Amino acid sequence: SPCRYGLGEPEHHSHDEDGDDALLHNRMLLQSTDAHGLRLNIKDINLQEMLETLQQKDHWSANKLFDIQIDFQSDDPMITGDRHFLLAVFQNFIDNALKYSGDQVTIHITCTEPDARHVQIKIEDNGFGISSKNLQHVFERYHRGDHQENKEIKGHGQGLHYARTVILAHGGTINIESEEGKGTAILVNLPRRANVKNKYEH
């Protein structure tokens with residue numbers, strides 16, 4: 001599913017503080033990045049704890065078998081950033097990995113430390129994957145992929161555009177690797193201390 005990460009109605013129904021209402025997060029992500037630029041609230045974040053909240057199966061209402069595995073390989077889980085925006089981005093990665101996949105979904109989240117100043121989060125799934133034609137357009141705003149005619153799949157097709165905006169605003173990078181029929185891998189690199197870009201600040 002090319003450009004699969006839509007910020008539409010999330011599959012995720014969370015009632016605790018960590019979940020913070022994914023729908024509210026996604027609307028905030030849409031509105032803040034669309035009209036006003038990002039207003040980041042930079043604080044210390046325990047990245048490992050934040051990612052582990054994504055494993056809680058009662059947060060997701062997918063009608064399929066799925067397993068979310070986390071391999072946190074860094075000794076230091078602490079980074080700085082805006083937890084609300086970052087959590088909304090990772091929630092959407094998981095939400096769409098669940099949507100754009102078959103009846104049995106495996107999602108691997110691996111966090112490594114390429115150097116002392118950065119962390120890398122890799123999210124891999126065994127979903128439908130993205131065709132090479134669409135892969136080059138996935139970060140474009142409003143781009144919809146091969147499954148745009150599927151009425152059962154909700155979402156605006158804007159998710160990767162907004163995710164990229166959030167990651168860039170933190171001074172990070174995002175890349176996507178995919179092959180149709182073989183799943184997708186998203187690689188997010190973040191500085192341990194958010195390097196906020198002036199153009200995103202107000």
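A residue is taken as buried when its relative accessible area is under 20%. By this criterion, helix H3 of the predicted model is mostly covered, with 15 of its 17 residues buried. The helix runs over residues 83–99, and its end C-alpha atoms are 24 Å apart; this agrees with the 24 Å that 17 residues should span at 1.5 Å a residue.

Strand S7, residues 184–191, was examined next. Buried residues make up 8 of the 8 in S7, so the strand is largely enclosed by the rest of the structure. The side chains are divided between two directions: Thr184, Ile186, Val188 and Leu190 point one way from the strand, whereas Ala185, Leu187, Asn189 and Pro191 point the other way, and all are buried.

S7 pairs with strand S5 (residues 118–125) in the antiparallel sense, over 8 bridges. An antiparallel pairing is also found between S7 and strand S6 (residues 173–178), in this case over 6 bridges. Leu187 of S7 takes part in both pairings: Leu187 is the bridge partner of Lys122, and Asn175 stands opposite Leu187 as well. S6 and S7 form a hairpin with 5 residues between the strands, in which Gly181 adopts a positive phi near 85°.

Two contacts between a charged side chain and an aromatic ring were also identified. In one of them, Lys57 lies over the face of Phe66, at 5.1 Å from the ring centre. In the other, the charged end of Arg164 is positioned over the ring of Phe139, at 5.9 Å from the centre of that ring.

Terms used. Residues numbered from 1 in each chain as written. Predicted model: local features only at pLDDT ≥ 70, side-chain atom pairs only at ≥ 80, totals over all residues. Heavy atoms only, no water. Buried < 20%, exposed > 50% of the residue type's maximum accessible area, 1.4 Å probe, protein only. Helix = DSSP H or I, 4+ residues; strand = E, 2+ residues; numbered from the N terminus. Pairing = 2+ DSSP bridges. Expected span 1.5 Å × (residues − 1). Lys NZ or Arg CZ within 6 Å of the ring centre and 35° of its normal.
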